Amino acid sequence: MTEEPGRGCASCVLVVFQLVVVAVLFAGAWAEEYFSWDPQYIPGPVGPYIVKMGVVAGIAAVAGIIAGVRGAGAVAYGQALVVVVTLVAMAVTDSMGDSAHEEHRRQKCYDAPADPGCANAR
């Protein structure tokens with residue numbers, strides 16, 4: 001089977017849109033973790049950002065499988081690329097959130113070493 005004319009443009013638009021969504025989610029998670037004017041700011045969890053990225057990866061995987069079954073190879077490869085990039089962004093966001101929370105906990109224990117849970121934070 002050959003692809004219909006014009007399907008490649010729609011595939012590119014879909015891939016670009018999905019990657020823009022992942023980039024916006026990653027930038028939002030980064031800004032929440034590392035950017036604040038308040039010195040007492042406690043960074044929020046990155047879990048909601050990871051879940052939203054997972055939804056994008058799931059949609060891309062389903063679209064890629066459907067495209068593969070229908071014989072649209074370029075669309076399937078584009079969606080596979082989106083899945084891989086999204087999974088990498090999810091892993092980086094998770095490690096970024098873990099390091100930010102660990103840094104916050106260490107700073108809290110440095111300021112008040114007698115707090116509960118600070119016995120092994122040094």
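Of the 122 residues in this predicted model, 29% count as buried. The protein exposes about 7,900 Å², and carbon and sulfur atoms supply 70% of that area. Three helices and zero strands are present, and the elements run α-α-α from the N terminus on. Among contacts between residues at least 6 apart in sequence, 68% join residues at least 24 apart.

**Core**

The largest nonpolar core has 15 residues, and Met53 and Val82 have the most contacts inside it. H1, helix H2 (47–70) and helix H3 (73–111) each supply at least two residues of this core. In soluble globular proteins, nonpolar side chains tend to be buried together.

Leaving out residues up to four places away in sequence, methionine 53 touches Val22, Leu25, Phe26, Thr86, Ala89, Met90 and Thr93. One of these partners, threonine 86, is found in helix H3. Threonine 86 counts as buried because its relative accessibility is 0%, under the 20% limit. Apart from neighbours within four places in sequence, threonine 86 is in contact with Val22, Met53, Val56 and Ala57.

**Helix H2**

H2 has 24 residues and reaches 35 Å from its first C-alpha to its last, close to the 34 Å expected at 1.5 Å a residue. Its buried residues are Tyr49, Ile50, Met53, Val56, Ala57, Ala60, Gly64 and Ala67.

H2 is followed by glycine 71, whose phi is positive, near 90°.

A search of the whole structure finds zero aromatic pairs.

Serine 11 is found in helix H1 (residues 7–34). At 8% relative accessibility serine 11 counts as buried. With residues up to four places away in sequence not counted, serine 11 touches Ala74 and Val75.

Isoleucine 42 is found in the loop between H1 and H2. This residue counts as exposed because its relative accessibility is 54%, over the 50% limit. The C-alpha atoms of isoleucine 42 and alanine 100 are 9.4 Å from each other, and the two residues are 58 residues apart along the chain.

**Accessibility of selected residues**

| Residue | Relative accessibility | Class |
|---|---|---|
| Serine 11 | 8% | buried |
| Isoleucine 42 | 54% | exposed |
| Threonine 86 | 0% | buried |

Key:
Residues numbered from 1 in each chain as written. Predicted model: local features only at pLDDT ≥ 70, side-chain atom pairs only at ≥ 80, totals over all residues. Heavy atoms only, no water. Phe/Tyr/Trp six-rings, centres within 6.5 Å; stacked < 30°, edge-to-face > 60°. Helix = DSSP H or I, 4+ residues; strand = E, 2+ residues; numbered from the N terminus. Buried < 20%, exposed > 50% of the residue type's maximum accessible area, 1.4 Å probe, protein only. Contact = heavy atoms within 4.5 Å. Core = buried A, V, L, I, M, F, W, Y, C linked by side-chain atoms within 4.5 Å. Expected span 1.5 Å × (residues − 1). Areas by Shrake-Rupley, 256 points an atom, 1.4 Å probe, with all protein chains shown as cover.
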